Amino acid sequence: MPKTKQSPGTLLLDYLEKYGLNCNRLSKEIKCSQTALRLISLDKSRITTSIAVRLAKYFSTKPDFWLLAQMEFDLVKAANNKTLIKALKGIPKASKSAGRQKK
C-alpha cells in the first residue's frame, strides 16, 4: 500500500509555521479565500492550480511542488479506495486490435 510523506494540508501547515503565518494572514497576502486555505490545511479541499501558483510565488517554490504533493496524496487515496480497486479488476487492458473492426 503506497504512502505519501505528508498530505498537502500538512505541507501547508508546515509552511505556515515556518514563516509564522496563519491562514487568515496568508489568504490576504496571496489574495485568496481564507476558507479555501483552511479547508486545504484540513485536507478537506484540494490545492488547485490557482492556489499552487499563488503559494509558489509567495514561498519561492514552484507550482509543481504544490501540485505534485496534491497528486501524490490523491493517488494514495485512490490506491486505498476499495470501490475503485474493485472496479479496476473488471477493466481490461487495451490492445491495438481492440478498436479495429474487420472488413
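Guide: A quick word before we start: residues are numbered from 1 along each chain as its sequence is written, and side-chain values use heavy atoms, with hydrogens and water left out. Since the model is predicted, local features need pLDDT of at least 70 and side-chain atom pairs count only at pLDDT 80 or more, while totals for chains, interfaces and linings use all residues.

Visitor: What pattern does the chain follow along the sequence?

Guide: Helices (H or I, at least four residues) and strands (E, at least two) are DSSP runs, numbered from the N terminus. This chain has six helices and zero strands. Read along the sequence, that gives α-α-α-α-α-α.

Visitor: How much of the chain counts as buried?

Guide: Buried is under 20% relative accessible area, exposed is over 50%, and partly exposed is in between (1.4 Å probe, protein chains only). The chain has 103 residues, and the buried share of them is 26%.

Visitor: Is serine 41 buried or exposed?

Guide: Serine 41 is found in helix H3. Leaving aside neighbours within four places in sequence, it is in contact (heavy atoms within 4.5 Å) with Gly9, Leu12, Leu13 and Cys23. Its relative accessible area is 12%, so serine 41 is buried.

Visitor: Which residue meets glutamate 29 in a salt bridge?

Guide: A salt bridge is a side-chain nitrogen of Lys or Arg within 4 Å of a carboxyl oxygen of Asp or Glu. Glutamate 29 is partly exposed at 35%. At 3.0 Å, N to O, the partner is arginine 25.

Visitor: How many residues apart are aspartate 74 and arginine 46?

Guide: The side chains of these two meet in a salt bridge of 2.2 Å, N to O. The pair links distant parts of the chain, with aspartate 74 in helix H5 and arginine 46 in the loop between helix H3 (34-41) and helix H4 (49-59), and the separation is 28 residues.

Visitor: Which residues link into a cluster through ring pairs?

Guide: Rings of Phe, Tyr and Trp (its six-membered ring) pair if their centres lie within 6.5 Å; planes under 30 degrees apart count as stacked, over 60 as edge-to-face and the rest as tilted. By this rule the count is eight aromatic pairs. The cluster they link is Tyr15, Tyr19, Tyr58, Phe59, Phe65 and Trp66.

Visitor: How far from the centre of the ring of tyrosine 15 is the charged end of lysine 18?

Guide: A charge sits over a ring if NZ of Lys or CZ of Arg is within 6 Å of the ring centre and within 35 degrees of the ring normal. Lysine 18 has its charged end over the ring of tyrosine 15, and the distance to the centre is 5.7 Å.

Visitor: Where is lysine 31, and what is its phi?

Guide: Lysine 31 lies in the loop between H2 and H3. At 66% relative accessibility, it counts as exposed. Although it is not a glycine, its phi is positive, about 55 degrees.

Visitor: What about aspartate 43: which loop is it in?

Guide: Aspartate 43 also isn't a glycine, and has a positive phi of about 60 degrees. With 27% relative accessibility, it counts as partly exposed. Its place is the loop between H3 and H4.
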